[in-house]
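Dear colleague,

Please find below the structure that I am handing over to you. My notes on it come after the model.

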Amino acid sequence: MTENEQASERVLGDPIVITDDVKKWFGDFQALSGVTATVREREVVVIIGPSGSGKSTYIRCINRLEAHQEGTIIVDGIELTNDIKNVEKVRSEVGMVFQQFNLFPHLTVLDNVTLAPQWVRKEPKAEAEEFGMGLLEQMGIPEQALKYPGQLSGGQQQRVAIARSLAMKPKIMLFDEPTSALDPEMIKEVLDVMKELALSGMTMMVVTHEMGFASQVADRVLFFDYGIIVEEGTPEHFFTNPQHDRTKLFLSQIL
Amino acid sequence: MTVQVREHQKTPLWRNGTVLKWTAQIIVLIGVVALFVTLASTAFGNFERSDITFGWTWLSNPTGVQIREGIDVLPDSGAKAILVGIVNTLRVAISGIFVATILGTLIGVARLSSNWILNKMATVYIEIIRNIPLLVQIFFWAALGRGLPDLTVDDVGVYWFKASSRGFGLSWIFPAGGFWPWLIFVIVGIVAARYVAKRRMAHQEETGQPGHGGWFGLLTVLVFAAVGWFAWPILAFMEPILDAISDFILNIPPVLVPVTIAAIAVVSAGLWIRNFFDSRRTPAGFGKMTDDDWFRVIFAGLSGLVVAALAFVIGGFAIQTVGGETLTVAELLLKAFSNFFGWLAGSFSPDSVDGRLNSVRTGGPLVFERPEVILRGTAQLPQFGQTGMVITIPFFALWTGVTLYTASFIAEIVRGGVLAVPKGQTEASQAVGFTRSQYLRLIILPQAFRIILPPLGNQYLNLAKNTSLGLAVAYADIVAVGFTILNQTGQSLPVVLIWMAFFLTMSLTISAIVNHYNRKMMLVER
């Protein structure tokens, strides 16, 4: 499959995110009903599914923005429990990009990118700024460094958000519908950056509705519904030969 | 294809938006001025017919007013009595604002806390305090204070803290001889501390190691304060210098006072206009001025000229002082400045002249005192003595009332401000690994502060104005003192004018400070 050539060139490493029978309730609503999955180093996993299927909740459990109630989550050898120190350690190694960007509006773009490295990683300011400028260049927006988030377009803001996460030199990147709040013409600039990131060997878990991205970049696609993984497999399996009726129905509705 | 303009003729005046706008501005301005002139002339005409003459001589005349507490309980003139009232009002307003802010913030944060007990306690506090009228609460605290045991002969002695129906005696630190020279050491220390803190922050940025700028700064101030404690007499050389300044001011020709004020008014109006023009200048060239812009420029220029003219008129007013001299306002101002420097010079002398300070509070620049209950007067009644801080029951009732009341509103404002910061900000901060205290300090509070500031300013204004309720418990604030004078002299209009001028000045000052911070904190948006 020519489309997936880039993905297959990456050599996958050891398991880095392990989730086993993860369950989560919001009040009496069960959002996750036992999710078991393993992500390996340098792997790009795309998570799709209808809204309310628990896919966002699942990746928000990976860095404990939501606390799971049953099952185990192990990230880079650290089990996520009530231990605050472990949670902080995991968070400093897992970057996250949100649908609504969530940039800090009172700080310049460069400060957005360099604040966490200085306070969390205790990096010297000059070093953090040099690295931050490098990231902004990589994102194609070095000239915006001294502006405030409110002065940028949505696509630019989302690229700043990606740079902010990368500034912490994470081992894993989580993307929670990164393009859903963007105008169509801005989606491409963000997806291009994400593709580049995937090529560079970053471990990525991406919740998205961009099927093009899934088929080109993903190593594996997980299809969520009612809080469980209904079907998983390579993109070619998934898009050409889905097994479950629910998956077929979903694909027929969006493609 | 050419576009056909259906009607092409000169716009008649009554349809010209620009002309209409300008006419409206001018008519409103003339109307407002005319209204005030009519009201004033009617009022004064009526006063004249009813043989009431209003004037300001009571300001300098001796009064028999006795004030229950303050910097001078037997003021020698009306002006001094008013001043005592002003200081009493400011005491409540300033300390109340300070404490209400801290208390309100703590309660507001407690109400956001996930700690159930803390949360409910804060809720109960807010719901009780803000739903009972302030006046009732002030009466409550007064009743509580008056219900304390009275002082008796058995109570004579020195205390750390003494509560009684005559008030609360607190141990307190007071300035003593050498305070002002010592303060200079402390101020120099603060300047040095800022430098040290900046160096430490630079160190932190270079190396990434925590710089502890705050702690180093504090240490610097403490070192300077400690040195100054013993070294302040070496500043005695300042005494002749300050005396010379005092003499010099007295020799300035009085005409220079209105000239200076007028010059400042005209220059600042000019600068404002220049800045305004600058703000309309874009890189592409000079922006188009709207009619409103021009009106603002003209208004600024006119008000500069009016202030300048008023400076000459008011500066020439002759006023009789308590001593019987007749001085113009300009001369009086010079004399006040001269006296201030003379007094400052005296306090730099190693053998400081302030009798009360020397007799009661000797020692270093600051002195720690404990309250004492003594028997006073021929009747040998037990009372608080001169030492320590004595909080009277009226002060206690008013201060506690306005502070707790305002704190409950500030708590709600703080809670609202923090809640108004989107949840995504917390999540993004957690996702990049900030600890709770880090993201509260660096991300959430700076954003919440912007939202909190304007309503917080309103609460400060409310607190300042609510101090006038002190009249109900006979607290000697400016309203109560003014009322006494009004009853004695019958000068209702001047007293009311002074009240209005005072509260207006205080409120506008608070507004100006809050607005200044508000502008500084504004978010940059597209």
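The notes below cover conventions, domains, pockets and helix packing.

This is a predicted model, in which local features need pLDDT of at least 70 and side-chain atom pairs count only at pLDDT 80 or more, while totals for chains, interfaces and linings use all residues. Residues are numbered from 1 along each chain as its sequence is written, chains are lettered from A and ligands numbered from 1 in the order in which they are written, and side-chain values use heavy atoms, with hydrogens and water left out.

Chain B is divided into domain 1 (13–52) and domain 2 (59–165 + 391–526), with bounds from an automatic or database domain assignment. The centres of these two domains, taken over C-alpha atoms, are 38 Å apart.

The largest pocket has a volume of about 1600 Å³. A pocket here is an open set of points on a 1 Å grid over the protein atoms alone, where a 1.4 Å probe fits, with protein on both sides within 12 Å along at least five of seven lines; lining residues have an atom within 4 Å of a point. Grid points are joined across faces, edges and corners, and the volume is the space filled by probe spheres set on the points. Of the 33 lining residues, Arg68(B), Glu69(B), Gly70(B), Val390(B) and Thr392(B) lie nearest the centre of the largest pocket. By class, its lining has 14 nonpolar, 10 polar and nine charged residues (Ala, Val, Leu, Ile, Met, Phe, Trp, Tyr, Cys and Pro count as nonpolar, Asp, Glu, Lys and Arg as charged, and the others, Gly among them, as polar).

The second largest pocket has a volume of about 1200 Å³ and is lined by 27 residues. Its lining has 18 nonpolar, six polar and three charged residues. The largest share, six residues, comes from α10(B); helices (H or I, at least four residues) and strands (E, at least two) are DSSP runs, numbered from the N terminus.

Helix α10(B) also packs with α7 (residues 238–250) of chain B, at an angle of about 170° and with the axes 8 Å apart. Axes are lines fitted to C-alpha atoms, for helices over the stretch in contact (heavy atoms within 4.5 Å), and angles run from 0 to 180 degrees between N-to-C directions. The angle therefore makes α7(B) roughly antiparallel to α10(B), a term for angles over 145 degrees. The residues of this contact divide into 11 nonpolar, three polar and three charged.

Yours sincerely

Definitions and conventions
Parallel < 35°, antiparallel > 145°, perpendicular 65-115°, else oblique.
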